[in-house]
Amino acid sequence: MANCGGGGGCAKHSVNGGGRRPQRAWNRPPAIALPPRRARARDRMIESSRKHGQRPHLASLPPHHDSTLTGNAVTHELIHHLPNELLLEIFAQYSLDNNRRDLTHLRSTFYEPATLGYGSSWAPLMLVCRFWRELILVTPSLWQEIDIYGQTQWLELALLRSNEAPLTLIFHPGRGAARMAVPLVLPHAHRIRRLIIPGLYTPQLIELLWFLRLLRTPMANLHELAMPHPYLNSRTRRGYAVFPLSDQHLPALRVLCLSRTAIPWTPATISRLQRLVLQYCDVKGSPLSDHRFLHVLETCEGLQELQLLNGFISLATEVPLSGGSKHRINLPRLRKLVLDDEPPATAWFLSFVQLPACASLHVTAYLTAATAPTVYELFASLVPRNPTGQHAIQMPLLGTRGRIQYDELGFHIEVSSEEAKLILKLSSHDGPDGLAWNADFARGITEFSHLFAGHPLEELTIGVAHFGAATSPKIWGRLLFAFPELRVLEVHAAIYDSHSAPLLHALTDYSSTADLLAMVGEGPRHPLCPQLCVLRLEDPSFEQGLLGLLLSYLTWHASVPLPPLESLRWHFQGTEGREERAYQDDIELYGEKLKALVKDVVILYDASVL
């Protein structure tokens, strides 16, 4: 136990009081248990009383028996009297909790497979006793999910033990897996419900022919077909596989995740789907007209999730910018839409799709290193314009939480509510030229305030961990003015410049009516952040005078009829020496005054030695 020092002791070490050690559970006498026959009679009586809405009388229960069995013996006695159905449920839960399989190859950035079962992780339970082994051997549901590697012994056994139960087949990377397994699986094609083939386009391309032999076989009960690939990028594009996906070939198909596939964009292929994920795919045949593309998509009345990734819209349509079709399509059951394409393609697509109120939208686009510094619009280029010419997102979402994140991976803004989420992201990598670019952070947060003005944001988190993020008090003032219902504001600057100085200048400089008039012009005016009650800041360095600037804002805030600030958290990262001494001087000067104006104040300084 750590020494807390002093005479008072440490609270976290005084739970038991007086240094008394709590009695260990394994030192207590074993619980009194009933013999099996009496226990079963008691359980039947309790169950009968519950069914008739009565409370069992304790006097009518069999009396306790003063058993001399040890704890292990009692457990051993009870577990062998569990119903088989309950025992199998315990086996299934054990398998889920002890599943150690490496499934990273099944996941990509945008595709997460539906919850998988337990594979063969329950197999060690067959070694416990003969009864358990016999029970598992005659239970087809435990053999339904089959992991297929290079060897086929387990596959042969599982196909036999699963009887006629629906199958989930997961092909794992391994030389010869498809060549040896597919001939065994083909006679059971009518039983396959889920088929997952990750990493289809690995260097073992010889496996492709065997997989195509399986994929071209009719599977009447196939519900999910997934071929995710987490390692694909624009520089590994080699070609596309082609196989039938029609409702006649796969009538029960509802979940389709494809990578590097030429998909027939027809109602017979996608109209019955509930989930569609396309990664580095293309349409079969020549590109479609915008009218044809949208008309086929409109037939997907049951579609709940749609992910068109890696430039699929640009590849599938002839002229995404034409705007020839004026018909807006409605997908009433859609709950998640993910687009990953060039900005003109995403704006074109969103101009024709009406999203439900509870749908989530995630739009990712990339700008090339050559054009990004000169482009006028960032996030606004991803969304269409409304009839008045202003950029607007056709999505009935009233977000209460906002987020702005700028780092070396990209620049994204986000608004979410309890029911839905909207994310707009500009990727700084993975463009056609494979180079990185640097966005204009000030322009990005300005577009955030324009795109989401009117949303009742109550929480806003801003994270900056990349260079080129200089701002001004006027930029911050316009951002905060757009969201008068803001209650929680967090600004985290991990590296490079601090953003607390321009933020605090904005809160101080634009507090009067005259200052607001100069910033926002004519129209309704209100103080910046009139409902603010929580402020959290994080800076990579300490600047002398910041605490004084904060005190000026809080003094003004207390002088007007506004709710007081309830919580202040400010964390500085700095170095030992002059900077740390400047921090200590400002804390001595302003610390007590800040505590008098804010209920809860925590200001920290972490010094590092250079």
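1. A crossing of two helices is left-handed if the near helix is turned anticlockwise from the far one by less than a right angle, and right-handed if clockwise. The crossing of helix 5 and helix 6 is right-handed.

2. This is a predicted model, in which local features need pLDDT of at least 70, side-chain atom pairs count only at pLDDT 80 or more, and totals for chains, interfaces and linings use all residues. Residues are numbered from 1 along each chain as its sequence is written, and side-chain values use heavy atoms, without hydrogens and water.

3. Helices (H or I, at least four residues) and strands (E, at least two) are DSSP runs, numbered from the N terminus. The axes of helix 5 (residues 153–161) and helix 6 (residues 177–185) come within 10 Å and cross at roughly 15°; helix 5 is therefore roughly parallel to helix 6 (angles under 35 degrees). Axes are lines fitted to C-alpha atoms, for helices over the stretch in contact, with angles from 0 to 180 degrees between N-to-C directions.

4. In contact terms (heavy atoms within 4.5 Å), Leu155, Glu156 and Leu159 of helix 5 meet Ala181, Leu184 and Val185 of helix 6.

5. Helix 11 (residues 343–350) is mostly covered, with seven of its eight residues buried (under 20% relative accessible area, 1.4 Å probe, protein chains only). Among them are Trp348, Phe349 and Leu350. The buried residues pack against several elements, including helix 9 (290–298) and strand 13 (360–366).

6. Ser416 lies in strand 15 (residues 410–416) and is buried, at 6% relative accessible area. Leaving out residues up to four places away in sequence, Ser416 touches Gly399, Thr400, Arg401 and Lys421.

Definitions and conventions
Buried means under 20% relative accessible area, exposed over 50%, partly exposed in between (1.4 Å probe, protein chains only). Angles under 35 degrees count as roughly parallel, over 145 as roughly antiparallel, 65 to 115 as roughly perpendicular and the rest as oblique.
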